[in-house]
Amino acid sequence: MREQAELDSVDWHILEELQNDATLPNRTLAEIVGLAPSSCLQRVRRLRELGVITGCHAVVDPATTGLPLEAVVSVNVRPHTRPVVAAFRAFVMAQPETRSIFHVSGQADFLIHIAVADSTHLQAFLMDKIASRTEVRNLTSSVVLERVETRALTPPANLRPTHRRRRAD
């Protein structure tokens, strides 16, 4: 497990703004969070170095690219061993239909979020790519009726820092 980074109220403000718009120019971000541009840039660099910010990406609407049908597929694999889990995860992530995969506890071993062209494409993905694998014991699929965008990660009020970190120069 990764070590938890020490974040102050300004760090969280920066994170909230960048999660909502990662294209913000540093000068604009600095103005929003109340820092000098150089201090803001140092904080963003620190957040990257600590592994808090792990990347930036564009959000693409699958429907506009010809993949309007999304589904979540629950999969159980056996045996549930590290080599089997790693191989299955790598296989699923190599499929163009895969948007994300979660290795979870509970009834399913994996939840796979996919985007496909239509129900025929969904059936082919499930039968030809997933169910045909020897480690797959069962699967169920649920068609996504509505996708609500992920919101910015923010701490609950009782865990939200109210202080600014002192510079460690």
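Visitor: Why is D11 called buried?
Guide: D11 has 0% relative accessibility. Buried means under 20% relative accessible area, exposed over 50%, and partly exposed in between (1.4 Å probe, protein chains only). D11 therefore counts as buried.

Visitor: What kind of model is this, and how are its residues numbered?
Guide: The model is predicted: local features need pLDDT of at least 70, and side-chain atom pairs count only at pLDDT 80 or more, while totals for chains, interfaces and linings use all residues. Residues are numbered from 1 along each chain as its sequence is written, and side-chain values use heavy atoms, leaving out hydrogens and water.

Visitor: What makes R46 and D11 a salt bridge?
Guide: Their closest N and O atoms are 3.4 Å apart. A salt bridge needs a side-chain nitrogen of Lys or Arg within 4 Å of a carboxyl oxygen of Asp or Glu. The pair therefore qualifies. R46 sits in helix 3 and D11 in helix 1, 35 residues apart, so distant parts of the chain are linked. Helices here are DSSP runs (H or I, at least four residues), as are strands (E, at least two), numbered from the N terminus.

Visitor: How do you know that R43 and D8 form a salt bridge, and where do the two residues lie?
Guide: Their closest N and O atoms are 2.9 Å apart. R43 is in helix 3 (residues 37-49), and D8 is in the segment before helix 1.

Visitor: Are R43 and D8 buried or exposed?
Guide: R43 has a relative accessible area of 10%, so R43 is buried. D8 has 1%, so D8 is buried.

Visitor: How many salt bridges does the structure hold?
Guide: It holds 10. Among them is the pair E149 and R147, at 2.7 Å from N to O. E149 has 48% relative accessibility and counts as partly exposed. R147 is partly exposed at 28%. Shared partners join D61, E70, R99, R147 and E149 into one network.

Visitor: Why are helix 1 and helix 2 called oblique?
Guide: Helix 1 (residues 9-20) and helix 2 (residues 26-33) pack at about 130°, with axes 10 Å apart. Axes are lines fitted to C-alpha atoms, for helices over the stretch in contact; angles between N-to-C directions run from 0 to 180 degrees. Under 35 degrees is roughly parallel, over 145 roughly antiparallel, 65 to 115 roughly perpendicular, and the rest oblique. The two helices are therefore oblique.

Visitor: Which residues make that contact?
Guide: Helix 1 gives H13, I14, E17 and L18; helix 2 gives L29, I32 and V33. Contact means heavy atoms within 4.5 Å.

Visitor: What makes helix 2 and helix 3 roughly perpendicular?
Guide: Their axes cross at roughly 100° and come within 8 Å. That angle falls in the perpendicular range, so the helices are roughly perpendicular. N26, R27, L29, A30 and V33 of helix 2 meet P37, C40, L41 and V44 of helix 3.

Visitor: Is V116 buried or exposed?
Guide: V116 has 0% relative accessibility, so V116 counts as buried. V116 lies in strand 3 (residues 110-116). Not counting residues up to four places away in sequence, V116 touches L67, P68, L69, E97, H121 and L122. V116 and E70 are 46 residues apart in sequence, yet 6.2 Å apart in space, C-alpha to C-alpha.

Visitor: What is omega for the peptide bond from R78 to P79?
Guide: Omega is near -5°, and the bond is cis. P79 is in the loop between strand 1 (69-77) and helix 4 (82-93).
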